[in-house]
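Subject: Structure handover

Hello,

Here is the structure for you to take over. My notes follow it.

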Amino acid sequence: MPTPSLASLPIRRLTLRDLTACADLSEDRGWPREEHKWGLLLAAGRGHGIDDPDGGLVAACVVTEYGPQEQPALAAVGMVLVAERHARRGVGRRLMRHIVSAMGTTPLTLHATPYGRPLYEELGFKVTGHAEMLRGHFVSTGDRPEAVTRAATAEDLPAIVRLDEQVFGVDRTHIVTRLPAFADQLRVAEEDGRIIGYAAAWPNMDTHVVGPLIARDTATAEALLASLAARTDRPLRTDIDVRHEELLSWAKAHGLASVALNAVMTYGITELPGNWSRRFAPLTVAAA
């Protein structure tokens, strides 16, 4: 039997049953397996992939939609991966063209590495911002935080969902309500009994990823990040909007080092909805 050409292989929906194959694909490209993250994305988003006739996946990606189910207001594209043995043969371009076509008029966003950015620009995505990835063991200076933080409770969830929509600009209840089970820590910042910020720390291989990080101001964001760091021995990783220069400087002064600078790109809109001044870090760059 002749081997089918890559262009003729169908693109299909991925489900949680494909989690191991997705993790294998990550590993194939030299990425961490990130099974915990893949599990969330495949459950909360729409996976798209191409099966390899010889086993495994040729390529995969996940689209996470936000807003009304019948007409999403925004969709984030992430985990765009092509197996090394099929790289540089147009598979990634074909998969992304499929996504753009399938999403119709829904605005899209993604975080692009310098390697992936030319493809996305070719497809019509525009750079609208940047996020700096930080990683390292947080070193406390013993300073007393300006904001009061505590562990979130089940009763806090409605207020967290409301705050998140105010800041993110689009409803993402289906993501936020998964955080208590997904994250090892979920904390809120309070003032006069009102929640003014929240943040999660979730396990990803040997690190704890801090995100989402949403706060009224930089001081509140610092208090939340420090409170999460105080309760883990793992190194932290987070992706901070570069416009938050004060938080970036503070985090670097407390032991986190710059790892990468990725472009935030959009398709169909000139800027992301919501209030960037209170949105400090995403849940994951794979879901905006």
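Ala199 sits in strand 9, residues 194-204. Helices here are DSSP runs of H or I with at least four residues, strands are runs of E with at least two, and both are numbered from the N terminus. Ala199 has a relative accessible area of 0%, so the residue is buried. The cut-offs are these: buried is under 20% relative accessible area, exposed is over 50%, and partly exposed is in between, with a 1.4 Å probe and protein chains only. Leaving aside neighbours within four places in sequence, Ala199 is in contact with Gln185, Leu186, Arg187, Pro212, Leu213, Leu224 and Leu228. Contact means heavy atoms within 4.5 Å. One of these partners, Leu213, is 14 residues from Ala199 along the chain, and their C-alpha atoms are separated by 4.5 Å.

Before going on, note that this is a predicted model: local features need pLDDT of at least 70, side-chain atom pairs count only at pLDDT 80 or more, and totals for chains, interfaces and linings use all residues. Residues are numbered from 1 along each chain as its sequence is written, and side-chain values use heavy atoms, with hydrogens and water left out.

Now the whole chain. It has nine helices and 13 strands. Of its 288 residues, 53% count as buried. The C-alpha trace spans about 70 × 35 × 35 Å along its principal axes. The radius of gyration is 19 Å, which agrees with the value near 19 Å for a compact globule of 288 residues. That radius is taken over C-alpha atoms, and the globule rule is 2.2 Å times the number of residues to the power 0.38. Among contacts with a separation of 6 or more, 71% join residues 24 or more positions apart.

Next, the largest pocket. It holds about 1,000 Å³ of space. A pocket is an open set of points on a 1 Å grid over the protein atoms alone, where a 1.4 Å probe fits, with protein on both sides within 12 Å along at least five of seven lines; lining residues have an atom within 4 Å of a point. The volume is the space filled by probe spheres set on the points, which are joined across faces, edges and corners. The lining has 38 residues, and Trp31, Val80, Leu81, Thr113 and Tyr115 lie nearest the centre. Which element gives the most to this lining? Strand 4 does, with six residues. Helix 3 (91-103) and strand 12 (257-267) are among the elements that each supply at least two. By class, the lining is 19 nonpolar, 10 polar and nine charged residues.

Tyr120 lies in helix 4. At 9% relative accessibility, Tyr120 counts as buried. Setting aside residues up to four places away in sequence, Tyr120 touches Val80, Met96, Leu110, Ala112, Phe125 and Met265.

Thr218 lies in helix 8, residues 218-229. Thr218 also counts as buried, at 16% relative accessibility. Beyond its neighbours within four places in sequence, Thr218 is in contact with Glu246, Leu247 and Phe280.

Trp276 is in the loop between strand 12 and strand 13 (279-281). Is Trp276 buried or partly exposed? Its relative accessible area is 33%, so Trp276 is partly exposed. Trp276 and His244 are 32 residues apart in sequence and 9.1 Å apart in space, C-alpha to C-alpha.

Best wishes

Methods: Nonpolar A, V, L, I, M, F, W, Y, C, P; charged D, E, K, R; others polar.
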